[in-house]
Amino acid sequence: MLIRKALIGVLALTAAGAQAPDPGRGRGRFGAPPAPLFDGGARFLGAEPGRPGHVVKNAPYSADVITETTQGLPDGNHIRQSSTVHVTRDSEGRTRSEQSLRTLGGLAPNANLPQVVFINDPVTSTNFALNPASRTATRSTWERPPAADRPMMRRPEPGATPNATKPGRGFRRGGTDPNLKTESLGRQTMEGVAADGTRNTQTIPAGQIGNDQPIQVVTEIWYSQELQTAVLSKRTDPRTGETVTRLAGVSRAEPPHTLFEVPADFKVTETAPRSGRGPGSRPGAVNAK
């Protein structure tokens, strides 16, 4: 219960770094691209696992995902927050993430909150949420719908731009957005892997949201084809500040299989199976074993 209460209302992308963000996902308000996410295969609302994304195979690694935010206040003061999630992925696409709840934004820094571990196993269609302090775990499975019933997740076509006239509606086909500038930053080696950089500058024209002057939102992403994830992302928005997310201490070694298993002495609570349509419904009755 402690984990659930601590995470109520928090959507944690906990298996961070396991795969790249899908460019077809909803965009930010006024067509500004959302902050890049190290979206890794499993979503958690509270301590409840949800449907994972596509599986990344044959690209094992482990690393710390460090997110740092800086927000400037009108009086010149600054609010700085940092969180670290240790992520691991094996060659079969299994992912594991470890994080202290003390690092979640908005929680008291001295709160007596535990370390949590999330495991996503696409091989067995199973997710686990572990509380090492209490030696307990929650097991959840999902069922994929027939192919004909699965929603189409299309990537944007060449030349497609974020739909600035209909926030949250994704990309529009054809044409160019005069308020969006995209530029290549070339290739660099980061954390021992090659990464290709892209910078998007989205301008919100004066008056569109009551702003006296134009607002520029800049998103920079360095993406590694080798890892199939972003190695570094940076988003600067004068309304909310700057957010930087980066991988650190990357290891390409194959992780031990035991990292993706629940220890034998843990008490496991099992939820009712879920449909592969998404994490919208709550789990049914539970059985402890």
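Mentor: A residue is called buried when its relative accessible area is under 20%, exposed when it is over 50%, and partly exposed in between, using a 1.4 Å probe and protein chains only. The model is predicted: local features need a pLDDT of at least 70 and side-chain atom pairs count only at pLDDT 80 or more, whereas totals for chains, interfaces and linings use all residues. Numbering runs from 1 along each chain as its sequence is written, and side-chain values use heavy atoms, without hydrogens or water.

A nonpolar core is a set of buried Ala, Val, Leu, Ile, Met, Phe, Trp, Tyr and Cys residues joined through side-chain atoms within 4.5 Å. The largest one here has 13 residues, and Tyr-61, Leu-227, Val-231 and Leu-247 have the most contacts inside it. At least two of its residues come from each of β4 (61–72), β5 (78–89), β13 (193–204) and β16 (241–251). With 3 residues, β4 supplies the largest share. A second, separate core has 9 residues, among them Ile-119, Leu-130, Val-262 and Val-268.

Which residue of strand β6 deserves attention here? Arg-96 is found in that strand, at residues 95–100. Arg-96 counts as buried because its relative accessibility is 13%. Contact means heavy atoms within 4.5 Å. Leaving aside residues up to four places away in sequence, Arg-96 touches His-86, Val-87, Thr-88, Val-117, Phe-118, Ile-119, Leu-259 and Phe-260. Its side chain also makes a polar contact with the side chain of Glu-98, at 3.0 Å. Such a contact is a pair of N or O atoms within 3.5 Å; within protein, one must be able to donate a hydrogen and the other to accept it, and residues adjacent in sequence count only if both atoms are side-chain atoms.

For contrast, Asn-58 is exposed, with a relative accessible area of 66%. Asn-58 is found in the loop between β3 (48–49) and β4.

Finally, consider confidence. The predictor's confidence in each residue is its pLDDT, from 0 to 100. The chain averages 74, and 61% of the residues score at least 70. Over residues 1–52, pLDDT stays under 50. Where pLDDT is low, the predicted coordinates should not be read in detail.

Key: Helices (H or I, at least four residues) and strands (E, at least two) are DSSP runs, numbered from the N terminus.
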